[in-house]
Amino acid sequence: MVSIQKKISYSKVYKGRGSRSDPGSYRRVRQVDLILNYTRCFPEIEAFRALAGWRLYVTNATSERLSLTEGIKSYQDQWQPERGFHRFKKGRLSALPIYFRDEEKIQGLMFLLTIALRVFTLMEFVVRRQLHQSQSSVAGLYEGNPKRTTNRPTAEKMLRAFRNITLYIHRDGQREISFLNHVQQQILELMNVPKSIYTIDYLASG
């Protein structure tokens with residue numbers, strides 16, 4: 001319970017060295033004091049303390065299928081919509097600022113970015129599931145620290161690993177493509193994508 005008391009008082013403030021008996025030598029200043037009175041609600045405090053630090057998890061999985069520890073870990077590893085919004089705002093799929101004025105162009109841009117976001121999310125889901133099942137990790141995705149490993153790589157880092165792939169088209173029509181390194185081959189294998197997509201025969205057939 002909370003209550004506030006207001007106390008109003010007036011004090012004299014003199015203007016200068018004039019006679020203090022002169023009513024015009026001072027002015028009155030209004031002063032307001034607020035006094036807060038409160039009473040603790042002990043039943044509510046105890047109820048809050050009993051629940052402080054606890055979280056509520058709800059699942060339709062049976063206890064035989066999913067233990068409490070496994071359920072919490074699955075919840076922490078779940079896909080989070082906030083990551084998608086972050087990619088739209090500041091990530092590789094940035095939609096801001098939008099310079100288009102045509103509403104149809106804006107809708108088309110967001111449609112393409114949404115498809116790309118789904119691809120990013122699917123890449124991460126498939127690769128992380130494969131790494132979890134094989135109890136392995138990927139190295140070589142962090143610049144300046146090639147030995148650092150991770151079992152939760154992001155789509156951005158996996159795509160960045162392919163940035164040095166180059167396709168050469170000579171004047172006579174012949175083509176050649178740079179070879180895949182170990183990290184690139186491992187990522188393709190984790191995504192269940194055949195390595196043949198980076199061959200001349202595959203590109204010619206496409």
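Select Asn192 to begin, and you have an exposed residue with a relative accessible area of 55%, where exposed means over 50%, buried under 20% and partly exposed in between (1.4 Å probe, protein chains only). Asn192 sits in the loop between helix H6 (182–190) and helix H7 (200–205), and it has a positive phi of about 60 degrees although it is not a glycine. Helices (H or I, at least four residues) and strands (E, at least two) are DSSP runs, numbered from the N terminus.

The model on screen is predicted, so that local features need pLDDT of at least 70 and side-chain atom pairs count only at pLDDT 80 or more, while totals for chains, interfaces and linings use all residues. Residues are numbered from 1 along each chain as its sequence is written, and side-chain values use heavy atoms, with hydrogens and water left out.

Next, select Gln135 in the loop between H4 and strand E3 (138–139); this residue, not a glycine, has a positive phi of about 55 degrees, and at 65% relative accessibility Gln135 counts as exposed.

Turn now to the salt bridges, each a side-chain nitrogen of Lys or Arg within 4 Å of a carboxyl oxygen of Asp or Glu, of which a search of the whole structure finds four. Select Arg87 and Glu124, whose closest N and O atoms are 2.5 Å apart; Arg87 lies in helix H3 (residues 81–89) and Glu124 in helix H4, so the pair ties together parts that are 37 residues apart in sequence. Arg87 is buried at 4% relative accessibility, and Glu124 is buried at 4% as well.

Leaving aside residues up to four places away in sequence, Arg128 touches Arg83, Asn151, Arg152, Pro153 and Thr154, contact meaning heavy atoms within 4.5 Å.

Finally, select Glu46 and Arg49, which form a salt bridge with closest N and O atoms 3.6 Å apart. They are three residues apart in helix H1 (residues 42–51), and therefore separated by about one helical turn; Glu46 is partly exposed at 45%, whereas Arg49 is exposed at 57%.
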